[in-house]
Amino acid sequence: MTERDLPDSLTQIQDDFLELDQRDRLVLLLEFANELPELPPRYAEHPDLFERVDECQSPVYIFVEVDDDRIVHLFATAPKEAPTTRGFASILAQGLSGLTVEQVLDVPDDFPNTIGLTEAVSPLRIRGMTAMLRRTKRQIREKIAA
């Protein structure tokens, strides 16, 4: 899959970031941080279902659901005091949820490097987002194999 083949949701996010200068990209990342979807009630009381993404500097947890139609739903939690990590989690939750298993698995692993934030945030933080994407794909593979 090339960048042009990204699902529409990710292409839109990528375009939104790339249309801005570095400073405004950070503002957009902050907007994403503020828009991290709340956990549905069925998961709010079950933090044990979520996997910690250890590569992230801040505590971020993810959980993937694959429904009967092979549609992916990504849920994430991250502290409000960690806006960069929270923003990355929100980008993935909003960009991947609602896609098919195949679409998510076809997302290039380097997608986090393509949204124009590599000069605005540290490489360590980009690696954290990359780890979130890898874990999401791994959880999907485990769920469809079960």
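I call a residue buried under 20% relative accessible area, exposed over 50% and partly exposed in between (1.4 Å probe, protein chains only). The model is predicted, so I take local features at pLDDT of at least 70 and side-chain atom pairs at 80 or more, while totals for chains, interfaces and linings use all residues. Residues are numbered from 1 along each chain as its sequence is written, and side-chain values use heavy atoms, without hydrogens and water.

Entry one, burial. Phe 63 comes out buried at 11% relative accessibility, and Phe 50 is buried too, at 9%.

Entry two, rings. I pair rings of Phe, Tyr and Trp (its six-membered ring) if their centres lie within 6.5 Å; planes under 30 degrees apart are stacked, over 60 edge-to-face, the rest tilted. I get five aromatic pairs. One of them is Tyr 43 with Phe 75, tilted at 55 degrees, centres 5.2 Å apart. Helices (H or I, at least four residues) and strands (E, at least two) are DSSP runs, numbered from the N terminus. Tyr 43 sits in helix H3 (residues 41–44) and Phe 75 in strand S3 (residues 72–77), so this pair ties together parts 32 residues apart in sequence. Both Tyr 43 and Phe 75 are buried. The planes of Phe 50 and Phe 63 meet at 45 degrees with centres 5.6 Å apart, so I log that pair as tilted. Tyr 43, Phe 50, Phe 63 and Phe 75 make up one aromatic cluster.

Which residues of H1 meet H4? With contact meaning heavy atoms within 4.5 Å, I find Ser 9, Leu 10, Ile 13 and Phe 17 of H1 against Ile 91, Gly 95 and Leu 96 of H4.
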